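Hello,

Here is the structure I promised to pass on to you. Have a look at it first, and then read my notes below.

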Amino acid sequence: MPDSAGPAPDQDPPAGVHSLWRLRGYLRPHALSMTIMLLASLGGVGLSIAIPLVTKALIDGPVTHHESRGLIGLGLLALALGVLEAVLIWWRRWVQSATVLDLETALRGDLYDHLQQLPMSFHSRWQSGQLLSRATTDLSAIRRFSGFGLIFLITNVLQLTIVTVVLLEMYWPLGLVVAATAAPIVWLSMRFERSYVLISRRVQDEQGDLATLAEEGAVGIRVIKSFGRSEHVSAQYEAAARSLHATSMDKVRLSAKFWTFLEVIPNLAVVVVLLLGAIGVGKGYLTPGELVAFITLMLSLVWPIASLGVILAMAQEAMTAAARILEIFDTTPAIVTGTREIERPRGHVRFEHVDFAFPDAPDELVLHDVNLDIAPGETVALVGATGSGKTILTALVPRLYDVTAGRVTIDGVDVRELRLRHLRQLVATAFEEPTLFSMSARENLTLGRADATEEEIHSALEVSQAGFARDLPWALDTRIGEQGMALSGGQRQRLALARAVLAHPTVLVLDDTLSALDVHTERLVEEALRRVLADTTGLVVAHRASTVLLADRVALIQDGTITHVGDHRELLATVPAYRELLAAEALDDTEGGAA
Amino acid sequence: MNQPADRADIGTEADTDVRRWRGVAEVDADEAAERMTAGGLGGGSRRLLRELLAPYRRAIQALVLIVVVENAARLSIPYLVKEGIDTGIPPIQESGDLDPLLLIVGAVLVATLVQAVSRNLFLVRSGRIGQDVLFEVRRRVFRHFQALSPAFHDGYTSGRVISRQTSDVDAIYEMLETGFDGLVTAALTLVGTAGILVLLDVKLGLVALLCGPFLAWLTNWFRKESARSYQVTREKVALVIVHFVESMGGIRAVQAFRRESRNQEIFDDVNDQYRAANLVAFRLVAWFMPGIRLIGNITIALVLLYGGYRAYQGEVTIGVLAAFLLYLRQFFEPMMEISQFYNTFQSASAALDKLAGVLDQEPGVPEPERPRDLPQARGEVRFEHVGFAYVEGRPVLPDLHLTVPAGQTLALVGTTGAGKTTLAKLATRFYDPTSGRVLLDGVDLRELASDTLRDRVVMVTQENYLFSGTVADNIRFGRPTATLEEVVAAAGALGADDFIRALPDGYDTDVSNRGGRLSAGQRQLVAFARAFLADPAVLILDEATSSLDVPSERLVQRALRTVLAGRTAVIIAHRLSTVEIADRVVVMEHGRIVEDGSPEELVAAGSGRFSDLHRAWLDSLA
C-alpha cells in the first residue's frame, strides 16, 4: 500500500492556490472576525486618504483665503479622523490576534492528532525535526498570510486604485506620473523578492551544513578529543563558516540594492511631482493645498506598493506551507482499527505464513513464510543475527506494522480485526532502545496504564530492579528524559521494562531489553521476570544465552524466516548456526587452551 | 491595560491535573540566565560585544559618518519641498521664471542620489561588519567548545552545545540583519526630525514635540511588557516543541502503549498555553501600534490647527506647514517598526549572554606553558597515588597505584561504579587527577602538549561515532594525511576490507546515506581501523565491544589481536570474552585494586572475584 508510507519527506510538494483554499475550513468559524478585520482596514484606507484631503481643504480654504471660519472645524475633523483611524487599527489588530492564533492552534492540534495516528512505516521515514518544521514554521507562514497578508493584499490593491483615481482626478498629468511609477515598482520588487528567496534558501542550506558540523563537533567530542583532531574539525568548521559568510554577503548586497531602490523611487517621484506640480500651481492648474495633499497622498502609497512584493512572497510561502501540511493530512493511516474484542483473552499467539516488506521496498521481503505458534502462558525466545528480522517480527503483534501476507492471530482472531486500543492493551513491549519522555518518572511508567495504583507501580519497579526511581530527588515526580534527570542506559532499560510489566499485558514482548545491564543486575531482573512470564505469553528477543534461558522454547530466525524451533540445549547441540550465534568464541579458546 | 490574569495561570506549573505529567526538575541554567537578562544586556555579554566590535572602530566611525549623511539627505527632502512651494512657485506666478524651481528640484534630485548612494553604502558596510562579527563569534565558540575538557561536555550535554552554535548565533544574525539598521535609522530620524522641526518654526516645532513624553511613556511601557511576555512565550513554545518532538520521536512507544489520547490532552494544553502567551504578546502590539498612530494623528491635527491658524495669520508659510506634515510622517513611521524588531533584540541579548557565559568557561585541563618533549613513546603508563573525585568529598579513586609496562595488554574488570572508566579518562587526560599524577613514559601528562599526548594515547569507546562523510574519511580521521592505500591497509589489517568493498560505493560510501548504514559491529570495526591508522603507543578501550552481538564481537575480537600487537593497551569490559586476550587482569572495586594477575593465575586461584565472574560467565554460555 503506497500511501501508508506517505510522500517523501525531503521534497516540497507542488504548491498552488488550491492548497491554501483547501484549508479554508479553518477560517470558517472566524468569518465574522475576518469581515471585521477587512472592514476595519478598508476604513483605515479611507481615513488615510481623507486626512490629506482635509489638509488640502484647510490650506486652500481658511489659510489661502484668510477666512478663520472653518479653520477650527476642519482641524477638529482632522483630529476626529485621526482618532478614528487609531481605533480602527486597534480593533483590527485586537480581533486579528485572537483569530489567527485560534487558527494556528487548531491546525497544530489537528496535525498532532493526525500524526499520532499515522503508522510506524510513516514515522520511520520522517524525522521528528521535519515534522516539527511543519508544525511550527509552516503554520506560522499560514498564520501570517491569513491574518495579515490576505487582508493587506485586498486593502493595498484597493488603496492603490482609489488613491490613483483621486490623484488623477486632482490633476491628471501628475496622477499619470504616479500611476506610471507603480507598475515598475511592483514588477521589480517581485523580481527582487524572487532572487531574495533563492539566496535566502542558499543561506539556509549553508547554515544547515554548518549546524551539522557543529552537531558533529558536539556529539563526537570524545572521539575528536581522543584522536586530538580539534584543529582538524575546527578548520573544517571555519571553511564552512567562511563560505556562509560569502553567501550572506551576497544576500546583504542584494537586499541593500532592494531597499535602496525602494526608498529612492518615491523620492524620484517627488522630484517629478514637485517640478510639474509647482509649475501647475504657478500656472493656476492646481491649488497649493492640492499640491501638498498630492505629495502626502503619493507618499502614503510607498508602503502599499513596496509591500506588495513582500505580501506576494508571503502568499507563495503560505501556499508551499499549506501544501506541505496537506501532504501529511492526505496521508491516510494505513493501520486502521478493527472492531472485535476478545472477552477472556488467553494469549495464544500464532504467526501463519507471515510475509513482511517495508512499504518503500515492497520487493524486498524482510520476513517470509514465518510460522510460529505460542501457547497461552508460554515464552518463546527469538534468536537471530543482527538484521534477520527479529524486531520486525515482534512489532507485527501489536500492529506497529502490518503483515504484507499471511496473518497474526491472538486466540484465533486476526489482529487486524481487533479494536486497536484493545489489541495494544493485550500486548506490551519493552524496547531495546527505551524511549523516555521528558515527563515525571511516574508518567513515564504509567504510559500504558494511567490508573495504576501505587502498589502496582511498586511491584513493577521491583520486577525490573528499578527501585532507584524512588530515590530520585523528587521520587517518582522527578522529571526524567532529555529535559530532566539524566539516567544511564541500564536505568533507562529497567524503567522501560517496568513500564511494560506495569501494563499487565496478556502478551509481553521483550526486545533485547536487558542488553545494557551488568551481569549482576541482569540476573536479578531475570529471576523476577520469570515470575511475571509464568502466566503471561512471552516473546523475547535474545542476544545472550542468559536471556534465552527465560524462555520455554527458542525460535531461530535466519534470513527472515524461522528455521528451527526447539529447546535451548537441543538447538545448541544440533544446530551449528545457533551455536555460532550464542556461544562465544572464547569458550572454544579456553577449552582449546586447556587441551 | 493587559489582562494580567492570563499570565498568572501560565506562570505556575504542575498545579492542575493536566500539568502534573511534566514532573519536577531543577531550573535549567540557560532558562535562569535568560530570565535574568530579560530587558537588558548582562555584564558578560556587554564585554563580549565590546571585544567583538573592537577591531571595527574605524569602520564603525565611517559608518556613523555615512549614516549621518544619508539621514541628512533624507531629511532635507521635505525641507526642499517647502522651499519649492514657498520660493519656487511665486516667480512662476509672477514672471513665469522657472529657474528658482529648477534649482530646488535639482537639489531634491541631488539629495535623492546622495541618499541612495549612502544608503547602499551603509547597508553593505554594516552588513559586512555584522557578518564578520558573526563569523568571529562562530569561530570562537566552536574552538572554545573544542578546547573545553570532556568534563565540561559531560555536564553541558551536546544538545546545549548545538543550540549555542545554532539558535543563539541565529538570534544574533537576525538582529544584525533586521534590527540594527532599523534602530539606527529610527534613532537618527527621531533626533534629526525633532531638530529640524524646531529650526523650521520654533513655536510649531514645540507643539509638535509635545508628543514626546507620551511617545516615551508608551514605548517604555511596551518595552517592559514585551520583555515579560517574550519570556513567557519562549517558555511555552519550548514546551510545545519538546512535547511534539518527543511524541514523534517516540511514536513507537506512544502507539504501543495507547498513549495517543493522553498525549492529545497534554498537547492541547501546551498548545493552548502557547496560544495564550502569544495572544498576550500580539495584543501588546495591538495596543502599541495604534497607540503610536493615535499620538501621531493627534500631533498632526494639532499642527494643522495651530499651524493653519498661524498661516492664516501669515506667520508661517504654506510650505512650512507642508514640510511639517511630511516630517511628522517620517517621525512616527520608524516608531511603529520598533515593535517589530523588539523581540529580535530580546533574543539576541539573551543569546549573547549565553555565549559569553560559555566563552568565560576555563578549559578544565589547561595546556602546559612549556610543554615537554617526548621523543619516542614506548608506552608505559603509570598511576602514582592518584586520587580523583567528580564531586568534592566523594572520591571515586582514593589512592590508586598502577603501572602498565610498555606493550602489555591490561584488562580492567569490576562492577559498575568501580572507577574503571574514570581511570581511562585520567590516562587520556579527559580529566586531571585531584591528587597524585599520571605519567606516560615517566612524564606527567600535565606537562605534555595535547597534540603530543593525543598522538601517543588513543581511546576507543562504545560510542563509535561516525562523522558524516565517506567510510574512508572516517577511517582517515585517525590520521588526516593518510593516503587511500594506507586507509585500505588499516581496514584490511582489521578484516574490515571485505564488508567495506561490498558497500554500494566501497570506501566512498557515504555513511549517513540510506545505503551506507552500517551495523553496530561494522561501525565498531571502522572505529578500530581509525585507531589502528592513528598508530598510538597506548590504546584504551572503554567497553568498546559491549554493544555488539556475539558474531560481531567475535569479528572485532579477532581484529583486536592485530591492533594490540606491539602496543600498550588497557581494556575495560563487563563481558569477560574481551578479557581473554589480556596479559594481565586487574579487578577494581570502589576505586581500589582488589586483584591483580594473569587471567590464568586468577582463574586458578579459584576463590577470587575474577574466578567467580569467570565461572558465572561460563555458566551463562552453557
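A word on terms before the domains: their bounds come from an automatic or database domain assignment. Please also keep in mind that this is a predicted model.

In chain A, the assignment gives domain 1 (12-171 + 318-334), domain 2 (173-285) and domain 3 (349-594). Between the C-alpha centres of domain 2 of chain A and domain 3 of chain A there are 55 Å. Chain B has domain 1 (4-17 + 29-359) and domain 2 (381-621), and the C-alpha centres of domain 1 of chain B and domain 2 of chain B are 54 Å apart.

Next, the contact between the chains. Chain A puts 134 residues into it and chain B 127 residues. On the side of chain A that touches chain B, helix H8 (residues 230-283) of chain A supplies the largest share, with 29 residues. By residue class, that side of chain A splits into 69 nonpolar, 40 polar and 25 charged.

I also looked at a sheet in chain B. It is open and antiparallel, with 4 strands in the order S2-S1-S4-S5. Strand S2 (394-404) and strand S5 (443-444) of chain B are the edges, each pairing on one side only. Strand S4 (residues 435-440) of chain B is joined to S5(B) by 2 bridges, and B:Leu439 stands opposite B:Asp444 in S5(B). Across strand S1 (381-391), S2 and S4 of chain B lies helix H13 (residues 420-427) of chain B, running at about 115° to S1(B).

Key. Residues are numbered from 1 along each chain as its sequence is written. Chains are lettered from A and ligands numbered from 1 in the order in which they are written. This is a predicted model: local features need pLDDT of at least 70, side-chain atom pairs count only at pLDDT 80 or more; totals for chains, interfaces and linings use all residues. Two residues are in contact if their C-beta atoms, placed from the backbone, lie within 7 Å. Ala, Val, Leu, Ile, Met, Phe, Trp, Tyr, Cys and Pro count as nonpolar, Asp, Glu, Lys and Arg as charged, and the others, Gly among them, as polar. Two strands pair if DSSP finds at least two bridges between them. Axes are lines fitted to C-alpha atoms, for helices over the stretch in contact, and angles run from 0 to 180 degrees between N-to-C directions.
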